[in-house]
Amino acid sequence: MKEDLEYIYEFVNDKIKIERREKDYNLLKAESDVFDRKTMLTLYELLSHGYFDIIEFPIKIGKEANIFRAKKGRKYYAVKIYRTSTKNFNSIIKYIEGDYRFEHFKRSTLGIIYLWAQKEFRNLTDCYNASVLVPKPVVFRNNIVVMEYLGNSRYPAPLLKDYPQDLQKFYGMVRDNVIRMVNDALLVHGDLSEYNIVIHKDKPYIIDVSQAMPVKHPNARTLLERDVRNIVRFFSKKGVDANEKDFYDSINWGVFV
Ligand SMILES: Nc1ncnc2c1ncn2[C@@H]1O[C@H](COP(=O)(O)OP(=O)(O)OP(=O)(O)O)[C@@H](O)[C@H]1O
Ligand SMILES: [Mg+2]
């Protein structure tokens with residue numbers, strides 16, 4: 001078994017090409033919980049199944065998750081790896097309890113993290129199937145979610161908050177996506193802002209959907225109101241004629257409890 005593990009480590013390490021960017025690599029190495037044993041085993045599984053061939057570099061190193069760009073042939077993927085330890089256990093549990101899709105779950109830290117990744121994948125799938133602009137989900141395994149990479153060969157797609165042009169147009173598109181997410185995917189994002197929307201191929205994509213809740217959840221309406229307020233605030237500040245009514249007139253309120 002020890003030999004197997006050694007082989008797996010060697011195999012996976014060989015596919016992680018981060019060394020090229022010294023700064024990133026040192027940052028990651030300093031935080032040994034990113035590539036812990038379980039994560040290495042999960043990466044091994046995903047690599048062996050051929051979902052991607054190499055992990056190129058981190059797009060973002062965060063407190064709860066790290067996103068990497070991976071590559072298979074000439075195609076890129078975004079690989080979101082949730083940390084297997086978290087200090088935010090309680091804030092995560094809040095978004096799992098009361099979600100009727102995940103009634104039975106293990107209350108261990110690892111169980112919750114795995115469920116969190118599963119929930120993000122499920123939410124991405126529901127959004128994608130309802131034609132909401134989100135990265136296309138590919139696969140999830142334990143604490144890892146693989147999805148479509150948004151961006152070009154050089155840079156990941158910029159956040160809405162940093163995007164200077166066409167804001168009037170994007171406002172209409174963001175509004176339509178939020179409405180579709182509620183009316184058709186039957187979900188509210190719950191953490192929507194200019195920080196969780198990226199501009200890719202001239203369209204706004206909604207990301208970071210792990211906390212999204214079904215519209216039937218008792219808090220869904222409050223979460224939607226907060227999301228809408230954030231979006232209207234951002235676009236108004238940028239001089240766009242934005243109004244909460246633009247959203248509420250088209251929301252199918254009948255889907256809420
Ligand atoms: N599919 C993707 N393609 C390209 N870049 C992405 C993709 N998904 C996320 N990113 C980039 O990675 C960053 C972090 O992603 P995300 O918002 O999903 O996680 P997070 O904010 O770290 O999660 P948390 O809210 O738990 O801290 C985003 O701001 C975005 O720049
Ligand atoms: Mg985010």
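## The pocket of ligand 1

In this predicted model, the largest pocket is the space taken by ligand 1; a pocket here is an open set of points on a 1 Å grid over the protein atoms alone, where a 1.4 Å probe fits, with protein on both sides within 12 Å along at least five of seven lines. Local features need pLDDT of at least 70 and side-chain atom pairs count only at pLDDT 80 or more, while totals for linings use all residues.

## The surrounding shell

Ligand 1 is surrounded by 15 residues (a heavy atom within 4 Å), and the closest are Lys80, Glu148, Leu150, Asn196 and Asp208. By class, this shell holds 9 nonpolar, 1 polar and 5 charged residues. Strands S1 (54-61), S3 (75-82) and S5 (144-148), taken as DSSP runs of E of at least two residues, each supply at least two residues of the shell. Because domain 1 (2-148) and domain 2 (160-255) both give residues to the shell, ligand 1 lies between them.

## Polar contacts and burial

Three side chains place an N or O atom within 3.5 Å, the cut-off for a polar contact, of an oxygen atom of ligand 1: aspartate 208 at 2.8 Å, asparagine 196 at 3.3 Å and lysine 60 at 3.4 Å. Taken alone, ligand 1 exposes 620 Å², of which the protein buries 86%, with areas from the Shrake-Rupley method and a 1.4 Å probe.

How values were computed:
Residues are numbered from 1 along each chain as its sequence is written. Chains are lettered from A and ligands numbered from 1 in the order in which they are written. Side-chain values use heavy atoms; hydrogens and water are left out. A polar contact is a pair of N or O atoms within 3.5 Å; within protein, one must be able to donate a hydrogen and the other to accept it, and residues adjacent in sequence count only if both atoms are side-chain atoms. On a 1 Å grid over the protein atoms alone, a cavity is a set of points where a 1.4 Å probe fits but cannot get out, and a pocket is an open set with protein on both sides within 12 Å along at least five of seven lines; lining residues have an atom within 4 Å of a point. A molecule sits in a cavity or pocket if more than half of its atoms lie within 2 Å of its grid points. Helices (H or I, at least four residues) and strands (E, at least two) are DSSP runs, numbered from the N terminus. Ala, Val, Leu, Ile, Met, Phe, Trp, Tyr, Cys and Pro count as nonpolar, Asp, Glu, Lys and Arg as charged, and the others, Gly among them, as polar. Domain bounds come from an automatic or database domain assignment.
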